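Please look through the sequence and the model shown here, and keep both at hand while you read. The paragraphs that follow lead from the inside of the protein to its surface and its loops.

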Amino acid sequence: MAPARSSKKCRPSFRRLLKTSGTKLENKLKNRQFKRENCDKRQRKERKKLRQALMGVALATPRPLDAMPKRPEDEEDEEDFLESLPTDMLEDDDLQLAPSFLSRDLSSCDPMRGAKKRKSEVVQAYEEFPRKMAAAPPEEVVHLLPIKDKTRLIPQSVRRAVTVPPEEEEEEEEEQQEEGKADTGVAESALSAAPLSAAQQRQVRACIIGQRKLTIARLASTVIADPINNIKAVKQLRGMLMEADPCVAVTVRKLAMVSLMEIFKDIAPTYKIRPLTETEKATKVKRETQQLREFEEGLLSQYKLYLEDLEQCIKDWKQKKSKRSQAVPVSSYPGLAEVAVRCLCELLQAMAHFNFHNNILVALAPLMNERTQTVSAACCDAFATLFRQDKAGEASLAAVRVVSGLVKSLSYDVKPEVLRTLLSVRIQEAHVKKDLSDTAPALKLMTHKDRGKLSRMKRKWKKAEEKLQQELLEAEASDSKDKKMKTHTETLNIVFLIYFRILKKAHKSVLLSAVLEGLANFAHLINLEFFDDLLDVLQGLVCSGDLSNRERLHCVQTVFTILSGQGDVLTVDPLNFYSHLYGALLRLHAGAPHHDVNVALRCLDAALIGRRKRVGVQRAAAFLKRLASLALHLDGAAAVGVVAAAGSVLRTYPKCDFLLDNELQGSGSYLPEAEQPEHCNAHNTALWELHALRRHFHPTVRRLASHLSRGAPAEGGAALPPELSRRSATELYEDYRVRDASLEPAATPHKRKKKEFFSQDWTLLDDDLRRRVDNVLNADGEAELEFTQVATRACVSSTV
């Protein structure tokens with residue numbers, strides 16, 4: 001008979017393992033891992049509930065139980081209950097103990113056995129709770145190929161660590177963060193409960209701020225290291241904008257604002273994110289594409305909420321209303337609002353291509369006219385920087401529209417700095433190149449060597465393909481050119497609309513100086529049909545006498561810029577504007593603002609150099625003499641610019657070299673106080689001021705004056721070096737301006753030759769006087785000179 005089979009499970013042999021299919025083994029392994037994961041999740045949830053219970057017990061304050069007096073109804077019920085007990089089944093000792101046990105008041109706080117038992121049970125259950133070591137990762141057994149021995153087969157296996165899915169890792173991180181928050185909450189509650197001194201409060205505050213800084217740094221580094229997978233950390237950082245601890249709320253919120261701003265600047269893409277259509281959402285895509293879409297969606301939502309938080313912070317500062325649930329006092333609103341404004345300004349400059357850029361423009365535009373100087377200056381600088389950096393023109397167009405709406409809504413009651421930001425608009429780039437081959441990208445054509453390798457049919461196809469690509473590139477270049485021209489034209493129309501409205505309705509406001517400066521800057525782009533009306537308006541403003549010297553110079557600059565460009569076809573003689581410029585030069589001096597000198601140099605360049613064919617010699621000589629006189633009472637940088645301008649006039653009008661001679665050229669005398677430059681008789685004077693300027697304290701002024709006094713030659717020993725001859729008067733003035741009370745470049749002091757010794761010469765002394773001087777020098781200091789005898793002796797000799 002065969003032996004009976006044992007019911008005990010035996011270890012499967014290797015042959016049975018080979019017969020088992022691979023799918024079955026994989027299913028078994030998956031089931032085992034699934035059970036282990038469920039067990040781990042259950043244990044984590046139980047630990048989480050236990051931590052919450054312990055945290056609630058630690059935060060709760062124990063209250064003693066009060067002994068409540070018994071009511072008479074309770075006493076009657078107790079007596080009835082005792083009488084109804086079956087006393088025949090009880091002994092005497094039990095009857096003595098029964099009333100005390102049954103009549104016990106449960107509200108009393110006396111220790112009993114039941115309470116002790118319940119307490120011990122809680123502690124015992126907590127102690128018996130299974131603990132899992134964090135250092136022991138989960139493992140799995142992997143069966144390997146067996147080893148064949150002489151007698152049998154030896155099975156082999158290896159233990160391998162199981163990789164934890166990312167979802168479980170995130171759950172563990174959240175649990176750790178909750179544990180940290182619970183610990184810090186318990187510590188802060190304990191610190192707030194006990195009274196602390198001022199030094200201890202500062203120490204506790206510094207400790208809490210240090211913890212918050214480490215948290216912000218950890219979250220920020222996590223996001224920057226892998227933005228696509230760690231975009232959830234941005235939400236945690238944004239939650240720190242609502243810090244509830246009053247002692248550190250202001251500091252933590254500021255740090256969170258700045259950190260989020262830098263994070264968005266780093267992780268934001270270089271394109272504008274558009275919303276997906278329903279068809280795109282329903283289409284199946286690759287895993288990487290779906291992950292990128294989720295990242296863009298999360299980034300866009302968090303960026304939108306961050307901008308809303310910054311705008312709400314600014315609104316709270318403007319309204320100045322405290323909230324009940326707000327941990328920040330009203331006195332801290334200005335500081336938070338200033339940080340929020342600076343963050344918005346940085347985002348406006350760095351992320352002009354990204355979403356919600358127009359929302360930032362609308363939020364910052366009213367703050368340009370704010371009374372707080374720091375906020376207003378930051379917003380104006382941000383707009384000016386945006387105008388200078390924008391090359392396409394779309395962001396500038398949106399910003400100009402917002403500024404136009406602001407000026408119109410406030411009825412032109414804005415600061416001049418708001419309009420001066422428009423001077424940075426890059427309208428000059430509207431003139432693109434005429435040749436499309438210059439704008440189109442380079443196309444790599446087929447060479448002769450490549451053609452030899454192809455067949456005849458392939459060469460024909462290749463040639464047709466190259467022609468098609470060339471046409472496509474030209475069409476693309478023309479489209480971009482037309483788009484750019486259209487954008488710049490619309491921007492320019494809005495800018496001139498702002499200026500013309502102010503000239504028409506508010507010509508006596510403080511904005512007139514900024515308007516005239518803007519017209520002078522963009523005068524070469526004004527349409528020809530507006531020239532007549534604009535010249536009449538500017539003529540009326542100059543003749544009114546209500547303008548300052550700087551505003552008058554801006555009017556003159558605008559007129560001559562117009563007449564030097566497209567207005568050259570007009571037959572207009574701006575005699576009055578030449579007279580105004582001639583008289584305005586006398587109002588420049590060392591105590592006047594430096595900007596007036598810069599504007600005057602630009603006016604001279606447009607009025608004399610730009611219109612050289614329409615200016616006579618008498619007018620040019622009068623301006624040359626006025627510039628030489630003006631250089632004597634200006635500072636160093638202004639004198640450099642004025643003398644350089646005089647040299648440009650002398651080179652442009654070489655017939656004015658008669659001012660370098662001392663001989664008179666006609667009848668009459670020079671009238672420096674005359675208002676008309678043609679009637680001052682400049683031909684009857686000379687440029688004697690150049691001799692004084694050759695001894696000027698500034699070395700560049702001395703060199704320019706020496707060059708000008710020799711007739712401003714272009715070659716020879718008296719010629720200027722290239723760094724001075726190739727630069728205009730305005731550029732030289734900007735290079736040599738005094739900044740921070742120091743010359744640029746530093747002026748070299750004039751060196752004087754000093755003799756090391758003096759020779760004694762006795763030729764002018766007679767013998768008697770020389771002998772007396774020798775006696776005095778060789779005698780002691782107490783000896784006194786007696787010149788009376790010498791004087792009487794000389795008188796006697798003269799009478800004889």
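Which residues lie nearest the centre of the largest cavity? They are Gly393, Ser396, Val425, Arg426 and His488, which belong to a lining of eleven residues. Before going further, keep in mind that this is a predicted model, in which local features need pLDDT of at least 70 and side-chain atom pairs count only at pLDDT 80 or more, while totals for chains, interfaces and linings use all residues. Residues are numbered from 1 along each chain as its sequence is written, and side-chain values use heavy atoms, with hydrogens and water left out.

A cavity here is a set of points, on a 1 Å grid over the protein atoms alone, where a 1.4 Å probe fits but cannot get out, and its lining residues have an atom within 4 Å of a point. Grid points are joined across faces, edges and corners, and a volume is the space filled by probe spheres set on the points. A search of the whole structure finds one cavity of 30 Å³ or more, and the largest cavity has a volume of about 60 Å³. Its lining is made up of three nonpolar, four polar and four charged residues, where Ala, Val, Leu, Ile, Met, Phe, Trp, Tyr, Cys and Pro count as nonpolar, Asp, Glu, Lys and Arg as charged, and the others, Gly among them, as polar.

From the inside we turn to the surface, where Ile228, Tyr271 and Leu292 form a nonpolar patch with about 240 Å² of accessible area together. Such a patch is made of residues with over 30% relative accessible area and no salt bridge, nonpolar side chains (Val, Leu, Ile, Met, Phe, Trp, Tyr) being joined within 5 Å, and the areas come from the Shrake-Rupley method with a 1.4 Å probe, only the protein chains shown counting as cover for residues. Leu292 belongs to helix α11 (residues 287–319), helices being DSSP runs (H or I, at least four residues) numbered from the N terminus. Leu292 has a relative accessible area of 35% and is therefore partly exposed, a class that lies between buried (under 20%) and exposed (over 50%), with a 1.4 Å probe and protein chains only. Tyr271, in the loop between α9 and α10 (278–282), is also partly exposed, at 38% relative accessibility. The C-alpha atom of Tyr271 is separated by 8.8 Å from that of Asn355, although the two residues are 84 residues apart along the chain.

Next come the contacts between charged side chains. Side chains of opposite charge can pair when their charged atoms come close. The structure holds 14 salt bridges, each being a side-chain nitrogen of Lys or Arg within 4 Å of a carboxyl oxygen of Asp or Glu. One of them joins Glu346 to Lys265, with the closest N and O atoms 3.5 Å apart. Glu346 lies in helix α12 (residues 333–350) and Lys265 in helix α9 (residues 249–267), so this pair ties together parts that are 81 residues apart in sequence. Glu346 is partly exposed at 34% relative accessibility, and Lys265 is partly exposed at 28%.

Another salt bridge is formed by Lys318 and Glu370, whose closest N and O atoms are 2.6 Å apart. This pair links distant parts of the chain, since Lys318 is in helix α11 and Glu370 in the loop between α13 (357–364) and α14 (373–389), 52 residues apart. Here Lys318 is partly exposed, with a relative accessible area of 45%, whereas Glu370 is buried, with 12%. Asp735 and Arg727 also meet in a salt bridge, at 2.9 Å from N to O. Salt bridges that share partners, in turn, join Arg420, Glu517, Arg550 and Asp596 into one network.

Finally, consider some residues in loops. Ala244, in the loop between α8 (232–239) and α9, is exposed, with a relative accessible area of 60%. Ala244 and Val328 are 84 residues apart in sequence, and their C-alpha atoms are 8.3 Å apart in space. Most residues other than glycine have a negative phi. Tyr412, however, has a phi near 65°, a positive value, and this residue lies in the loop between α15 (394–409) and α16 (416–420). Tyr412 is buried, with a relative accessible area of 15%. Ala712 likewise has a positive phi, near 55°, and Ala712 is buried, with a relative accessible area of 10%.

Conventions
1 Å grid on protein atoms, 1.4 Å probe; cavity = no way out; pocket = protein on both sides within 12 Å on 5 of 7 lines; lining within 4 Å. Patch = residues over 30% accessible without salt bridge, like charges linked within 9 Å, V, L, I, M, F, W, Y side chains within 5 Å. Helix = DSSP H or I, 4+ residues; strand = E, 2+ residues; numbered from the N terminus.
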